[in-house]
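Hi everyone, thanks for coming. Let me put the structure up on the screen, and then we can walk through it together.

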Amino acid sequence: MQIRVTVNGRVYESDVEPRTLLVYYLREHLRLTGAHVGCDTTTCGACTVLLNGKAVKSCTVLAVQANGQEILTVEGLERDGELHPLQKAFWEEHALQCGYCTPGMIMTACELLERNPLPTEEEVRKGISGNVCRCTGYVNIVKAIQSAGRVLAAQKMDPHNQSEVVPSGN
Amino acid sequence: MAINQCELRPMGKSIHRKEDPRFIRGQGRYVDDIVLPNMLHMSIVRSPYAHARIKSINTDAAYQVPGVKLIITGEDLAKLKLAWIPTMAGDVQMVLAVGKVLYQYQEVAAVVAETRAAAVDAAQLVEVEYEALPVVVDPFRAIQPDAPVLRDDREKKSNHIWHWEAGDREKTEEIFKDAPVVVSQDVRFQRVHPSPLEPCGCIADYNKGTGKLTWYVTSQAPHAHRTVLAMVSGLPEHKIHVISPDVGGGFGNKVPVYPGYVCAIVASLQLGQPVKWIETRTENIASTGFARDYHMKAEIAADENGKVLALRVKTLADHGAFDAAADPTKFPAGLFSIVTGSYDFQQAFVEVDGVYTNKAPGGVAYRCSFRVTEAAYLIERTMDVLARKLNMDPADLRLRNFIKKEQFPYQSPTGWTYDSGDYEQTFKLALEKIGYQELRKEQAEKRARGELMGIGISTFTEVVGAGPSHSFDIMGIKMFDSAEIRVHPTGKVIARLGVRHQGQGHETTFAQIIAEELGLTTDDVLVEEGDTDTAPYGLGTYASRSTPTAGGAAALCARRIREKAKKIAAHLLEVGEEDVAWNGEAFQVKGLPSRKVTMGEVALAAYTNLPEGMEPGLEATYYYDPPNLTFPHGAYIAVVDIDKGTGAVKVRRFLAVDDCGNVINPMIVEGQVHGGLTEGFAIAFMQDIPFDEDGNCLAPNWMDYLVPTALDSPHWETDRTVTPSPHHPIGAKGVGESPNVGSPAAFVNAVVDALAPFGVEHIDMPIFPWKVWEILRKSGVTE
Ligand code: FES
Ligand code: FES
């Protein structure tokens, strides 16, 4: 089947088998391997990407369902050589160890901060409860998301920066 | 952009990780990210039965699927003498079933096709006819004389694998005979699975032209895997190139060699094309290395004042269908005899019997040093049972029995020489920091009001860093480790080690060690691991061995470089070598701090301006054989509240005070502790792999095998004391596993403490809410 998908701002036209999962379309057709596969029960969230700005587990979406839609993956977060505040915060707060959950975790957090710019610890924990990390024990992930939230909120106050820092599904 | 990596003297500092920039961009390179030209995909056909004879395998329909290239069965492998392979534990295991299957999900055939989907489609069309055989699930049933013998390939016609013991049976019995107080507790450490987020997988790429096999694999021990492969397959070792790319967590799961690996290699050898095999989560849990599954009984003999005298332990170890435990070869029960823990027992006797059952093989060291978690859990649990019997506060009982600081190096009754420790100091810090006395008061008040609150303690000792070559080997290969350092003319360094990190941060911490020794910054040092063609030989990363072994090698290798550098420095400073001193950042003329040369200047001279007759270059290799293991310890305290209506346990506070000797990077140590605590929590409250009586695995996926999310996992508080290891080159001990080793007992002790008023002495893990609820219901606390 022919599909036309915008991924990280670029338009792709591809021919896919109807049963192709979005995660394999991204990983194997487009060679965007940031989204990972960690389970077969839609439990782990390692595959999370944004579909029209909403966090989805791309192992549970068919590539054909993304036809005509906009996708943002972890590879699309960096702008003009500048890391996204979430990427920086994950680095600074030591919110990753093996790194396998990181792209999915960051994309989930991305949507969370859109909805709730300054979440409490409890709200962050709830917000990322669809993403499993086997390494970090979550404490630093929570810290990183809260710290990125503060940075993003401060940037939003500054109108000059606004377009730079708000990630969306463009 | 680099954060904080450009400082001299980086040792002990929270340097931000050098590996992170690629991971936060989605640029990690895990095995499934690798795509090779003409690559094929493999899928495995697995048994639905736990024990059955294979009557026939029909591959005709599967071969009709477009794109199918090859289907391998056990009989095909038998012709190549590869149907069985040796395990690290000295047993053999089937690669693909020959004659019969011995556990559910066992590998029966491998299908190779042009696409992932075609391989899976075809695997479903392989027709296997089975004849069910009687299943043995319970290890206590397995050792009965009339139990069906599962392994008819063995000479010994019983399910008993081995008997192992440590300590002095007679002297221990003598103390028990006259002991004023004896307690006894049966404790089960359930079957769990490490389940790293990235499942196992590989790509085998055999090049017929060069005769070289390149094998990309999610491996914690690439060199060991290369050697095993050479021994098993007959391929010459120098023509096997193992690359362990970024590894998405290991926790012991990625130490063994799995059947899927052998099949992918055989397929690539036959087809001359790369073959990729990536297992699913279900395959990961149901067939690759499980952990624990120990049925233990501990007895403590003590006097009336709570002074412990002797310990007796008897254990039945369920190994599944093959003994594929990943232990040093001379230690079938790993380092389980560390079970006397932090306490000064006069005598101890420990015995373990291994048995076969119709379950998947394994026995890996899941975020622990070989069976140390089982040992720590058992002694810490049983100490609480003793405290209850004596009506003593469990904190007082521990303080009364700790090995004293002055007793180190301490000779344990089971034969270990503990290197160093100060248990009292660590524990007292924990008690004070958590406010133990106030918590006990609060608990008394709550009890009076009928509320359920518990406080649980675990003051454990670990034994890690296997190990000294006099005792430790895997299939004969000594368990030293290695480092190679090359200083380039501009003073930049590439360092390669025999270990393989999976999230522990070696690219940063080993750079810190080397930079500290050489007067450089971590930014100047690139650490590479996991490529057997470039890295020196070593046995890999597990059992908290990297810092004790390869960390020592890195420091000593750097010192070897510094020795040569000193000679060059003398030449540059135009003084005799005896007049040169190292000031931590540069070489200076003794007594003249302003006359100095940096390592960068020396490095350039090593290639451009050498003393007469000196060999050019500035490189070294060091193989470090540690003189002893290291013995990290910790004091953990859990505070829990129990909901009377549902039996749900809420961990209100958890404090972990660890002592892992000198610390290379406090941020990374803290991160390791957080992660291990969450896994310990998971084991105490969530993770379990049960089987029904037909041997069906009841938790083969993450819907049924519960791994904790951020909502489940408590907030962790941490602190540290520092008792350096006297024999380690930088005084470090290793930390990655302490929290997983030490925490389960703290959780369980807290829950039992909360339920003590109802006469509860023990609850087996995992403590699901229904277990607590049933206790409460029986005690009339809830309906
Ligand atoms: S791969 Fe686990 S949820 Fe998508
Ligand atoms: S960092 Fe390894 S799974 Fe999260």
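So, how many residues of chain A are in contact with chain B, and how many of chain B with chain A? Keep in mind that this is a predicted model. The answer is 50 residues of chain A and 58 residues of chain B. Between the two chains, about 4,500 Å² of area is buried, and carbon and sulfur atoms give 57% of that. If you look at chain A, W91(A), H94(A) and R134(A) are the ones that lose the most area to chain B, together 22% of what that side buries.

Now for the polar side of things. There are 26 residue pairs in polar contact between chain A and chain B, with both residues at pLDDT 80 or more. On the chain A side, the elements that give two or more residues are α1, α2, α3, α4 and α5 of chain A. The largest share, 5 residues, comes from α2(A). By type, that side of chain A divides into 20 nonpolar, 15 polar and 15 charged residues. The interface also has 6 salt bridges. Please find R19(A) and D121(B), whose side chains meet in a salt bridge at 2.7 Å, N to O.

Last stop, the second largest pocket, with a volume of about 450 Å³. Which elements give two or more residues to its lining? They are α4 of chain A, together with β31 and α17 of chain B. β31(B) gives the most, with 5 residues. The lining has 22 residues in total, and V649(B), V651(B), F681(B), L711(B) and D712(B) lie nearest the centre of the pocket. Those lining residues divide into 13 nonpolar, 2 polar and 7 charged. Thanks, everyone!

Key:
Residues numbered from 1 in each chain as written. Chains lettered and ligands numbered in written order. Predicted model: local features only at pLDDT ≥ 70, side-chain atom pairs only at ≥ 80, totals over all residues. Heavy atoms only, no water. 1 Å grid on protein atoms, 1.4 Å probe; cavity = no way out; pocket = protein on both sides within 12 Å on 5 of 7 lines; lining within 4 Å. Points joined across faces, edges and corners; volume = space filled by probe spheres on them. Helix = DSSP H or I, 4+ residues; strand = E, 2+ residues; numbered from the N terminus. Nonpolar A, V, L, I, M, F, W, Y, C, P; charged D, E, K, R; others polar. Contact = heavy atoms within 4.5 Å. Buried area = accessible area lost by both parts, 1.4 Å probe. Salt bridge = Lys/Arg side-chain N within 4 Å of Asp/Glu carboxyl O. Polar contact = N/O pair within 3.5 Å; in protein donor to acceptor, adjacent residues only side chain to side chain.
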